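User: Please take a close look at the aromatic pairs in this model. Which rings pair, and where do they sit?

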Amino acid sequence: MRSNFVMFPEVQKVELTLDSGTELSFSSSASTGSGCEVCEWIRRSRTCKAAQAFSAPGRVSVELECVERRGAFNVEIARTVVCPSKSCSGDINTNDNFDALFDLNRRFVWSLIAAVPHSARVDFGITGLRQIQPSQSCPDRHIYTYGVMEDSGTVLLGRYCRTGPITKAQARGVSWVSLELPAGQKLQDIRLEVSVGEEIRSLAKMSVSLPRGPSSLELLSPNYPGSFPDDKIMEWHFEVPAKHQASIQLLNVTQPQCLDKRPGVEYHNMFRFGLVAGLTETQPVQREGEFTMTLRNCKMDRRRANSPGLSMGFKVSTATITQVRCEVELNRYPGLSLHLKKLNPASDCIMRQTSKPMDQTTLKPGSTSLLLFEDCQPKDIQVTATQKLGCYRAITCPRFFLAVPSLPECLIKSLSNMTWALNLPQHGTAELGCASGTLVHVLPGQPCNDSISMKMAEDDGSTIGTFCRNGPITKLQIHTNISITVTGTNGEALTPANILTARIKDEISESFIFRVSPEKNMPLFLATPGWPKGMNSDSTVSWLVTVPPKMKAHLTFTNLSQPKCSKRHTEITIRRVGQSQNDYSRREDEKLQHELTVSGTFFLNMSNCLPEKSDFSVFTKVTLHQSQIMTIIVSIVAVLLALFIVILLVACLVIRKKKRNLNPQTSIYNANGTSFLPGQNGFPRSQEDDESHVYEEIDEGRIYYDILRKRRQLGVYGEAGSHTDSQIPLVARESGTGDAAIGTYQDFLHEQKPELPKRLPRHMQTMVVVDNDLYETEESEEASSALPPQLEPDGEAPDGGE
């Protein structure tokens with residue numbers, strides 16, 4: 001079974017009354033052929049069309065016929081407001097007359113006609129509007145549109161939602177404001193005031209009142225994302241709350257191909273100061289008060305295919321301004337003045353003195369100043385200081401401490417650099433020393449291994465050199481007014497500290513004197529003042545180079561530049577301290593000895609002439625070396641010491657070997673009356689086999705002399721028959737000439753001719769030998785030298801004598 005369902009179209013009858021100046025039009029939003037039509041009864045005849053329009057005042061009755069009626073029809077209610085030179089014919093508002101259109105998509109349009117050269121202005125009330133992207137919607141589904149009619153056509157200025165910072169809009173010629181609501185959305189009460197606006201040159205001018213506190217909003221160029229019209233101007237007028245600032249960032253910028261002029265953004269504040277910024281440049285930050293931003297387009301080249309136009313977005317952000325009040329008192333530092341400068345005129349920092357904005361100011365010595373910094377960062381401000389020091393008579397001059405002062409923290413930034421201007425009395429000399437040690441002359445291209453650097457210059461601006469701490473210069477004397485500027489390396493700020501000490505001394509003959517103390521084997525580089533430029537005319541410089549004792553200085557002159565002198569001569573001289581004659585002297589017309597050696601502390605002096613052509617500049621390398629004589633002495637001492645150590649080691653080894661060969665000896669009692677020593681193999685032999693009288697080695701001179709001397713002192717010499725058996729004489733092995741051995745000692749015994757002592761027991765012999773090996777008295781040495789040559793065991797002299 002098959003059934004067919006037929007859907008009959010629904011019909012909605014709409015009746016309302018039109019006021020004068022109001023136009024009403026209906027149209028189908030459905031696709032063609034959907035059967036949705038707008039029908040009207042005219043003289044009992046029903047006429048249906050896809051669209052119908054009504055403009056005559058009075059009652060209007062229509063029938064909307066469609067299968068699905070809700071949202072299938074659009075209705076537009078248009079009104080015209082004319083604004084002659086003084087007032088307008090009406091305002092923008094809605095009433096309850098249009099409740100019958102609830103189920104339709106509604107669009108209210110108010111056309112505003114301004115009398116040239118004035119504009120028609122719309123006040124959006126206390127709620128204001130905010131601009132949205134073309135594809136966005138509004139929370140309450142009430143979407144406003146603002147546009148203007150130009151010779152080139154319709155220009156859409158933007159789509160907006162209720163509640164925002166846009167308070168007013170005005171346009172010249174013909175403009176319109178529209179409100180769109182979808183079907184089923186209740187219409188809110190709308191009352192917008194329309195009045196005669198300013199004489200403007202732009203397409204339109206939007207007024208924006210930025211809120212207090214941090215906020216941001218986005219604005220779009222006309223016809224966005226399409227192109228802004230050729231050679232046209234659009235304005236936005238901003239009101240920035242007190243103690244606030246506004247920053248602007250351009251977004252999604254597309255630039256056109258221009259035939260004439262260039263697109264850009266102009267800024268004018270309440271003082272009418274103008275500033276033009278390119279579309280790719282950073283936009284300036286605006287302060288509290290009012291300012292106008294103007295977008296200007298060029299005459300675009302549209303002949304090229306796909307030529308882009310001008311379009312962009314603007315992000316406007318507000319933030320509160322940080323204000324810092326600062327009172328600066330300079331009476332604590334005599335002669336000190338401060339200079340403050342704003343580094344970037346386009347930054348958001350404002351520096352005020354006595355409530356007046358300024359880009360730079362100078363605080364005079366001894367003054368008390370009140371400064372105001374608004375939203376300033378350390379990078380925005382530069383603070384420099386100058387201190388003038390001096391006296392009239394050298395004898396009354398105090399000792400000056402060149403120090404970085406401690407300034408109030410409210411200055412936002414510490415000192416960038418500090419300059420001391422030192423004015424000397426007549427016939428005076430400035431003697432400078434580092435407050436924390438020594439100085440080093442830093443030459444171009446060399447690093448400064450310090451947190452600060454000091455640039456010294458004469459009062460005429462001639463550079464003396466750049467110096468850092470921790471170097472070979474212990475003292476510097478300058479015979480002229482000078483300025484010393486200290487800066488932090490790598491852009492670092494200065495911290496309060498004593499940098500230099502200055503004393504005013506009597507006049508010196510040279511322009512400059514440097515006292516330097518080089519280190520051993522460390523090259524010292526000396527450059528004439530102003531290097532690599534030449535010295536000033538008729539100026540002189542001396543270096544007092546300290547050379548330690550037993551050292552020599554090796555000098556090498558490099559990068560020498562000699563001028564052609566019109567008066568006098570240039571001269572390089574070297575003179576040792578305490579000497580009346582120069583060790584070395586050369587003029588510009590003499591051949592220079594590029595390398596030489598100086599022993600002892602010396603002066604290196606260089607004097608310039610009055611150059612006619614070229615400059616006088618010298619670069620000198622000084623290296624300390626140990627004296628050659630001292631090197632030889634040290635070498636000899638080292639060799640002797642090494643030889644002594646070798647001999648000592650050999651002697652120790654020999655003695656150690658002898659001691660190892662000597663076994664511990666102890667007498668053992670035997671009943672037969674014969675003693676033997678442990679450590680010897682076997683028991684005592686018979687008289688015939690006894691070899692106790694045999695010796696491997698005997699120092700006879702020492703043994704006999706020692707024994708005889710001791711016995712003479714004790715008075716134990718006697719006749720031969722009175723000796724005991726234990727006192728058997730020491731004789732050579734297998735010798736039958738014992739009398740010859742005795743006769744050998746007659747001279748030494750002063751003709752007493754006693755018999756030789758009988759042989760001692762073996763253990764006593766061993767002890768005597770050991771004692772005599774260690775015996776080293778002066779008396780024994782002299783006696784042993786008077787003894788005749790000793791005999792070897794075979795009875796022959798060691799030298800082979802008889």
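Analyst: First, the terms. Rings of Phe, Tyr and Trp (its six-membered ring) pair if their centres lie within 6.5 Å; planes under 30 degrees apart count as stacked, over 60 as edge-to-face and the rest as tilted. A search of the whole structure finds ten aromatic pairs.

This is a predicted model: local features need pLDDT of at least 70, side-chain atom pairs count only at pLDDT 80 or more, and totals for chains, interfaces and linings use all residues. Residues are numbered from 1 along each chain as its sequence is written, and side-chain values use heavy atoms, with hydrogens and water left out.

Take W236 and F314. Their ring centres are 5.0 Å apart, with 50° between the planes, a tilted pair. W236 lies in strand 19 (residues 233–240) and F314 in strand 26 (residues 311–320), so the contact ties together parts 78 residues apart in sequence. Strands (E, at least two residues) are DSSP runs, numbered from the N terminus. W236 has a relative accessible area of 2% and is buried; F314 is buried too, at 0%. Buried means under 20% relative accessible area, exposed over 50%, partly exposed in between (1.4 Å probe, protein chains only).

Now W531 and F619. This pair is tilted because the planes meet at 40°, with the centres 5.4 Å apart. W531 sits in the loop between strand 44 (524–527) and strand 45 (540–545), while F619 belongs to strand 53 (residues 617–626). The pair links distant parts of the chain, 88 residues apart. W531 is buried at 19% relative accessible area. F619 is buried at 12%.

Elsewhere, F98, F108 and W110 form one aromatic cluster.

Definitions and conventions
Helix = DSSP H or I, 4+ residues; strand = E, 2+ residues; numbered from the N terminus.
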